Structures are given as structure tokens and as C-alpha cells.
Amino acid sequence: MQVEFRIARAEDVPLIVAMLADDAVAASRQGTFGDEHRAAFEAIDADPGNELIVAELDGEVVGTMQLTYIPGISRRGALRMQIEAVRIASGLRGRGLGRTMMEWALDRGRARGCALVQLTTDKSRADAHRFYDSLGFVASHEGYKLALT
């Protein structure tokens, strides 16, 4: 199985939104593709500290994730990579694509000089927790969120 990774293009965004919405936890907050998604893509695409990535299998987009590179003063000025919105097309889950995608992301972080990779995952995602544990991630912090709108 040969997976290719690339920066997402504007024409990928409707499929990315559909993949994000095809998830029991995220479905209610995702909505259907619209102007707000288009504007968000344009902002991500214009920011060198952000990458919206797609995974292709046989020319078809089958996965996505957003990588954000965060400079910081802590950890002696270390650059960290935040991984968000990781999804594999529902019909292809469980075939190793997620592991391949995450390993690619970790290599990308190393190449950019990141000292640390972090991600958050919903507390209800037991399968995701096992997956991230298997990749060597450690559940080291308690995360908090506060909706502003």
C-alpha cells in the first residue's frame, strides 16, 4: 500500500470537511462545507506555521491532519509541533494508514527541528488513546478547553 502525502489544496477542503464530520464525536460541531471552511483553509494555507496535510492512496484522498509549528520560550526555546484533526476515511480504518500518517508527521516535525510533538484527543476516544500510546505518546497532561463563542 503506497500512501503519498502532500499539502492540501482548496479543492480538497470539501472532502476534508466530510471526513472530519464522519465521526461520532465531531459530527455535531463540524457542519457541512461552507464559507467558514473555505476561509479557514485560506488562513491555514497562508501561514507558514501551519500545514493542512492530506494522505492519498491511488490518487484518492483518504486521510488528513493539521500540523502547527509553535515556537516557544519554554524548553529552552524549543519548537513544538501540534497535531490536530487526524482522520482516516471510515472505510479504510484499521489498515495501518493512521500509523503511516503519524510516522510521516513525526518525521516532518523532526525535519522542521521540533523538539516535541503534542496532540489532544477527546477523553471518550479509547481506541485513539491506545493508538497514540502504541506510537510512544504519553498522556502527560490534563487538557482544558473553553468555548469563546
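**Entry 1: Glu56 and Arg6**

I looked up the side chains of Glu56 and Arg6 and found a polar contact of 2.9 Å joining them. I note here that the model is predicted. Glu56 sits in strand 2. Is Glu56 buried or exposed? I read a relative accessible area of 17% for Glu56. The cut-off for buried is under 20%, so Glu56 counts as buried. Next I listed what Glu56 touches, leaving aside neighbours within four places in sequence. I got Gln2, Val3, Glu4, Arg6, Arg9, Val61 and Val62.

**Entry 2: helix 3**

I turned to helix 3, which runs over residues 35-46. It has twelve residues. From its first C-alpha to its last, helix 3 reaches 17 Å, close to the expected 16 Å. Which residues of helix 3 are buried? I found His37, Phe41 and Ile44. I then checked the face of helix 3 turned away from the buried side. That face carries the exposed residues Asp35, Glu36 and Ala46.

**Entry 3: the cores**

I looked for the largest nonpolar core and found 24 residues in it. Leu67, Met81, Ile83, Met102, Tyr132 and Phe137 have the most contacts inside this core. Strands 1, 2, 3 and 4 each supply at least two of its residues, and so do helix 5 and helix 6. Which element gives the largest share of this core? Helix 5 does, with five residues. In soluble globular proteins, nonpolar side chains tend to be buried together.

I also followed Tyr132 by itself. Not counting residues up to four places away in sequence, Tyr132 touches Val86, Met102, Leu119, Thr121 and Phe137.

**Entry 4: positive phi**

Most residues other than glycine have a negative phi. I noted Arg76, with a positive phi near 65°. Arg76 is found in helix 4, residues 74-77. At 87% relative accessibility, Arg76 counts as exposed. I also noted Ala85, where phi is positive at about 50°. Ala85 lies in strand 4. Its relative accessible area is 31%, so I logged Ala85 as partly exposed.

Key:
Residues numbered from 1 in each chain as written. Predicted model: local features only at pLDDT ≥ 70, side-chain atom pairs only at ≥ 80, totals over all residues. Heavy atoms only, no water. Helix = DSSP H or I, 4+ residues; strand = E, 2+ residues; numbered from the N terminus. Expected span 1.5 Å × (residues − 1). Buried < 20%, exposed > 50% of the residue type's maximum accessible area, 1.4 Å probe, protein only. Core = buried A, V, L, I, M, F, W, Y, C linked by side-chain atoms within 4.5 Å. Contact = heavy atoms within 4.5 Å. Polar contact = N/O pair within 3.5 Å; in protein donor to acceptor, adjacent residues only side chain to side chain.
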